[in-house]
Amino acid sequence: MSLVRPIATLLAGALAAGMLAAAPAAAQAPADPPRGGTMNIIISPEPPTLMLGINQTTPAAIVGGKIYESLLRYDFDLKPMPGLAKSWTVSPDGLTYTFKLQEGVKWHDGTPFTADDVVFSTKTYLTAVHPRSRPIFQRAEEITAPDPLTVVFKLKGPFAPFIMAWEPSTAPIVPKHIYEGTDFRTNPANNKPIGTGPFKLKEWVRGSHIHFVRNDDYWQKGKPYLDAIYYRVLPDASARVVAMETGQTHLSAFADIETFEVPRLKALPNLEMTTKGYEYLAQIVWLDFNLRNKPFDDRRFRQAVYHAIDRNFLRDRIWFGLGKPATGPIHSSIPHYDANVPKYPFDPKKAEALLDEMGLKRGADGVRARITLDQLPYGDVYIRAGEYIRQALGRIGVQVNLRSADVATWGDRVRNWDYDMTLQVLSQLGHPALGVSRLYVSSNIRKGVLFSNVNGYSNPRIDELFDKAAVAVDPAEAQKMYTEIQKILVEDVPVAWLLELDFPTFIDKRFGNVVTSAIGVRDGFADVFMRR
Amino acid sequence: MERLEFIAQRVLKGIVVLVGIVVLNFLLIRLAPGDPAAVMAGEAGASDELFLQQLRAQFGLDRPLLEQLWAYVANILSFDFGFSYRQQRPVVDLLAERLPPTLLLTGTAFVLSLVAGVTLGVMAARRAGRWSDSAITVVALFFYATPLFWVGLMGVLLFSVTLGWLPAFGMASVGVKLTGFAYLADVGRHLVLPALTLTLFHMAVYARMTRASMLEVRDLDFVRTARAKGVDEGSILRRHVLRNAILPVVTIAGMKAGYLLGGSIVVETVFAWPGIGRLAYEAVLQRDYNVLLGVFLVTSALVIAVNLATDVIYSLVDPRIELGA
């Protein structure tokens, strides 16, 4: 660290001397950022709770990420960086993970943070309440704390993605002295969260705002730079645009700003836009087919649908350039992505030929098949995407009936397999074994469970490859298997992968160092500062 | 005495109605697909059977429906509104936080719209057929026909973005500690746009109603008699015409008062007003049963109270109307 600072100072000097006019103001971060300042941030919808162990919605992760920390952070290339762990080693057999913890870390109530907290969090707490981290930490044979600053995980078998599980909404470290022996879900501390993070909860006025103040005892000396953060609950999309336009709020992220407003906000002089900081989540939106229903059981039909959808149109006209066409099941920012797979260019003629080959001929009314598309109730952009898909499939003689519902109803239909087709979007969580395999392996076909393998795809070869790839110690060996997986899946088209989504993060230019890791605005904000 | 007896009777009836509402709402909510456990599992971006089971057991959703209903009614009768597992708070706390902002907003809008609406209606009726009457009618029609959220957004564009006079959202300035008069003034400034948005729509209704009703009463025999007696025009208008013309307005206002509580959802959303309408809307989407039932119960009680008040006001405005159960 000591070397980095003088170099940064030099660079900053060079910038100031010669390149100031050319460089955008926001690109420079001073070597020694000023203390002070208050940041107002849009949050929508309001998080139900800030306790990341029992709620992992995006708003909860954004706000709770200021309070709770995990052992590691990840840079934009998903390389681990120190978090609560100062350093870490993985044994050559891939079975033992040893984390050395930072010194002088205190919980918000003043109690020292130790390795026991990490053992309690992973062994007892998360495996009890957290559906996503339960299967990860159940892979541990033994979790021990040989000394107060060391934690050792002995796994039952190798699991390379284990190193990717250490971000705050997957593995929040919670205080043992507060949670041990209590009912985790109703512990009053869920409302008065105690973490190790750079900010402390001061006040939460439901429906209005959440007020954070600087944690003066934060373990990174001199940080955080900001005095306070206010999360403003703004449920209306137009109000959010106004808030950013007028400078009343300084940061928006994810879907806060509707895609059609993005070009206009991008042009404003007081704001800068970045799409960085979503690499860990890596969301792909796809068209899910219920393979139990005809004609989706025929691979040619799925391929025809894939050929009939112009993904560039979706990107340019529906998402206003925010994203890029997906090539397969794995997002290009996630390890083991391979672009060398069969391609499905926009080609309605080929789509029609495939349907003809199947024997799905156009009837007297020009219709080959009638199917239903369940609209994904996550906002206007998905509704518009659904409308485009109806048009696109209409052109090849497939008549689409759109069915709308609220989130709870949609979830109920999908998890109980009561659908033909629906759009879906999900995070890949830093590794295919954490966020991708769950959608395609047949052991995860579980009726009544959302985000399992709901479409019923079953292929013994895929099951075998995913199982083996997850436990492979050698990355090159794993890559070979993931490449084969991607080839087979793209050939089979169990679902049609449409876009890798880019989310627009708008930052008021008065603030710097806002997006510094692969979890972007969900990170702790210890480095964020306000320019004088 | 008669009036007190009437009120007592109506309160008793109101309680019976409330119990009916609770039972009906409880069963209606369960008809919606999905439950809070499934919604929360969905939000986790991952779920398994164990997670769903844990949540259902915690929410008591694993017990038979009638048992759940009985437990809920028994709790309500002892003034226990239950717990929102989703928000980790007792429902009564959530209601206590969110009801006052709504009452402030809708109460202000109610009084303003009634005063402004009746005044405009009277003015229009007096000048019936002249250009000022037409102007009032056109303006009223405009605000009656325009969606609330659009009026609100235009208000924000003009007064917040372009002129910078008024805050665009929230109920008070965040990040400054204000007390006493300064705090009230701050809330007042935040109240202007949302209250005005709600007011304009309802004002239009009252204005049109008052005008029509005034015109009807204006030509009745007793007014002509009063005029023949030589009573001056001002007091004819006040004592003879308006007093008789106002009854239908009172009826509508009574109904609207209940509607205002629910109808403020849009305005609360546009202006990020931390009221009960938004609480209810979010509870519906999240299937947060206890919160939703709590909101229904409180708003039903308010509507019943307003209806009772309306009936009493009838008898005050027109002594010929007898209060009777």
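Let's begin at the boundary: across the interface of chain B and chain A, the rule finds one salt bridge. Keep in mind that this is a predicted model. The salt bridge joins A:Asp406 to B:Arg287, with the closest N and O atoms 2.7 Å apart. As for polar contacts, the count between chain B and chain A is 10 residue pairs, both residues being at pLDDT 80 or more.

Which parts of chain B face chain A? Six helices each supply at least two residues to the side of chain B that touches chain A: α2 (36-43), α3 (49-59), α5 (91-126), α7 (148-162), α10 (233-270) and α11 (276-286). Of these, α3(B) gives the most, with eight residues. Sorted by kind, the residues on this side of chain B come out as 21 nonpolar, 10 polar and 11 charged.

How much area is buried between the two chains? The size of an interface is often given as the accessible area that is lost when the parts come together. Here, the area buried between chain B and chain A is about 3900 Å², and carbon and sulfur atoms give 56% of that. The contact takes 46 residues from chain A and 42 residues from chain B.

Now for the inside of chain A. Is A:Ile210 buried or exposed? This residue belongs to strand β9 (residues 209-214) of chain A, and it counts as buried.

| Residue | Relative accessible area |
|---|---|
| B:Gln58 | 18%, buried |
| A:Ile210 | 0%, buried |

What surrounds A:Ile210? Beyond its neighbours within four places in sequence, its contacts include A:Pro47, A:Leu50, A:Val63, A:Trp204 and A:Ile229. A:Pro235, 25 residues away in sequence, lies 14 Å from A:Ile210, C-alpha to C-alpha.

Another strand of chain A is worth a look. Five of the six residues of β1 (residues 38-43) are buried, so this strand is largely enclosed by the rest of the structure. Its partner is strand β10 (residues 228-233) of chain A, and the two pair in the parallel sense over six bridges.

Definitions and conventions
Residues numbered from 1 in each chain as written. Chains lettered and ligands numbered in written order. Predicted model: local features only at pLDDT ≥ 70, side-chain atom pairs only at ≥ 80, totals over all residues. Heavy atoms only, no water. Contact = heavy atoms within 4.5 Å. Buried area = accessible area lost by both parts, 1.4 Å probe. Salt bridge = Lys/Arg side-chain N within 4 Å of Asp/Glu carboxyl O. Polar contact = N/O pair within 3.5 Å; in protein donor to acceptor, adjacent residues only side chain to side chain. Helix = DSSP H or I, 4+ residues; strand = E, 2+ residues; numbered from the N terminus. Nonpolar A, V, L, I, M, F, W, Y, C, P; charged D, E, K, R; others polar. Buried < 20%, exposed > 50% of the residue type's maximum accessible area, 1.4 Å probe, protein only. Pairing = 2+ DSSP bridges.
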